[in-house]
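Hi,

Here is the model I said I would pass on to you. Have a look at it first, and my notes on what turned up follow below.

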Amino acid sequence: MMKAAATMATAVFAIVLSALCAEAGAAASSEGFLMGRQQLRSKRSPLRQLLAQSAQVANPGLLAPLPNDTISAAYWQKIDSAIADATEATPAPVVDKPTPVPWQQVFSATDRGAEITAQDLTAEEIANGQIVTSATASPMQDMSASAEKVGAHSVVPYDMQLGARIMYSFAPKPTASPPPSQMMTSLQFVSQCPMIMFRDALYIRAPGCSSSMGQWVDPATQRTILRWSPHSSGGMDFGVDSVIQGNGSVNYASLKQQFSLNGFHFQLFNCLSVMRYSIEETVVKVSSLGQGVMSSIQEHDISTAREAFFYKYTIRHPNGTAVAETGLFRLNQNEVNINMIGDELTPGPLIATATRQGEWTSDSWRDCSGPKREWQVTFHLKDRDVELPTTVMDIRVASAAVVNLMAFRDETVSESTGTTTVGERSMGWQLLITILWCLLVLIIIVLILYYLRKKGWDVRLRRICFKFEAVVLPKRPLWKRVPPLHATY
């Protein structure tokens, strides 16, 4: 096949070379340069035919242009004429002019009286007053524009116009263009943070034997979406991979536990340390309930009834408004739904469903042996249904973070109390440090007061304060006039 292609290319080159040599010989044998040029032009048709034949031989699938495959000048003239007719027949678009500010209305006041119209102008006056327009403008458009310019004359005196223009320079001006929308502002804000790409589902996996960070994995491609790592304060850090800095090195979001004496509260921050959502964990204790059931209505063995704990996570906007919530789920439950906030009777649209993959509880999902142990999060909302998709403001990302937080806290939950001690030591240290700082400030204030009293500065400061009051503050009236008391009015 390669030899045949080489033979074909050689034949094409020989045909073209022979044609060029024939034309060059014909041009050289003419009586002059001009006659040779004319003969060369006359022989272009055979050359084009040879080139077309060579192109068909080289690639028979392509179509070679024919000598009559051209657009005539009459066709272009017809098109230009149709465009010109459409331009004259199409009215100019009506644009709403912005309302001028008060001072602009003063110095731009004009009188468009009916005494000066286009009919009152002669052809010479119209020609002299014609404004500069485009080359394609029609004479009727020029006439109307000239008449409009001549008919508008100012009625404001010079001194009033000068004062109005000075005041206009100091007056606030309206925005020339409408202000950007909230969506555009939010897009410019979140553009400084990385984005994550995921489809309608993802896996949440615990830190394994070879890594200290957990993963969010794409089920279809097994691609790592991001990595998470817990810290001793009870929160988590989320990061994306970087070719330069390593896995999970680029900060995507962080989940921090708040110091609170009533309940468990967390805050979800983006890469700029700006809070995007707050998460509240609610623990409900039931005194007696059978194992493996969600309600006492369900059939269960009474002999196995004991204390049960139910959990609920609520996602709130930074202004405190509840956005989404999970249903009440029991400890070690295999499926959890996250819904938008609905009314009192029915929940809102379903955001995501978290399903436990494998047989495991508490921290058993960290084991490296056996089948995969993970949480599968399936999303029921599309990209067009959420605000700022694939960012921290995406409610799907916040829902996945809630599932990750739930799995992380379930590792150390006590079956007797239903709570976890993760983060309690950190909050205890924060409380102790706060108390120590308050005591230190109180001791410093007491020492300063003792030093001033010992040096006699308390009397001096009292005298200075009295002088300041006498000089600066208003005086009390020495005598207050009592209004006369009339018997009747």
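This protein is a predicted model, with a mean pLDDT of 78 and 75% of its residues at 70 or more; pLDDT is the predictor's confidence in each residue, from 0 to 100. Residues are numbered from 1 along each chain as its sequence is written. Local features need pLDDT of at least 70, side-chain atom pairs count only at pLDDT 80 or more, totals for chains, interfaces and linings use all residues, and side-chain values use heavy atoms, with hydrogens and water left out.

Please take care with two stretches. Over residues 1-9 pLDDT stays under 50, and the model has two contacts (heavy atoms within 4.5 Å) for them beyond four places in sequence. Residues 130-150 also stay under 50, with 15 such contacts. Where pLDDT is low, the predicted coordinates should not be read in detail.

Now the cysteines. Searching the whole structure gives one disulfide, meaning a pair of cysteine sulfur atoms within 2.5 Å. Its partners are Cys193 and Cys271, with sulfur atoms 1.8 Å apart. Cys193 sits in the loop between α9 (182-190) and β3 (201-205), and Cys271 in the loop between β8 (264-270) and β9 (275-289), so the link ties together parts 78 residues apart in sequence. (Helices are DSSP runs of H or I, at least four residues, and strands runs of E, at least two, numbered from the N terminus.) Both Cys193 and Cys271 are buried, whereas Cys465 is exposed at 51% relative accessible area; buried means under 20%, exposed over 50% and partly exposed in between, with a 1.4 Å probe and protein chains only.

Cys193 also belongs to the lining of the largest cavity, along with residues including Tyr252, Thr391 and Val392. That cavity has a volume of about 70 Å³. A cavity here is a set of points on a 1 Å grid over the protein atoms alone where a 1.4 Å probe fits but cannot get out, and lining residues have an atom within 4 Å of a point. Grid points are joined across faces, edges and corners, and a volume is the space filled by probe spheres set on the points.

The second largest cavity comes to about 50 Å³. Among the residues lining this second cavity are Phe238, Ala253, Leu268 and Val392. Ala253 lies in strand β7 (residues 246-257) and is buried at 3% relative accessibility. Beyond four places in sequence, Ala253 touches Asp237, Phe238, Leu268, Phe269, Asn270 and Val392.

Best wishes

Methods. On a 1 Å grid over the protein atoms alone, a cavity is a set of points where a 1.4 Å probe fits but cannot get out, and a pocket is an open set with protein on both sides within 12 Å along at least five of seven lines; lining residues have an atom within 4 Å of a point.
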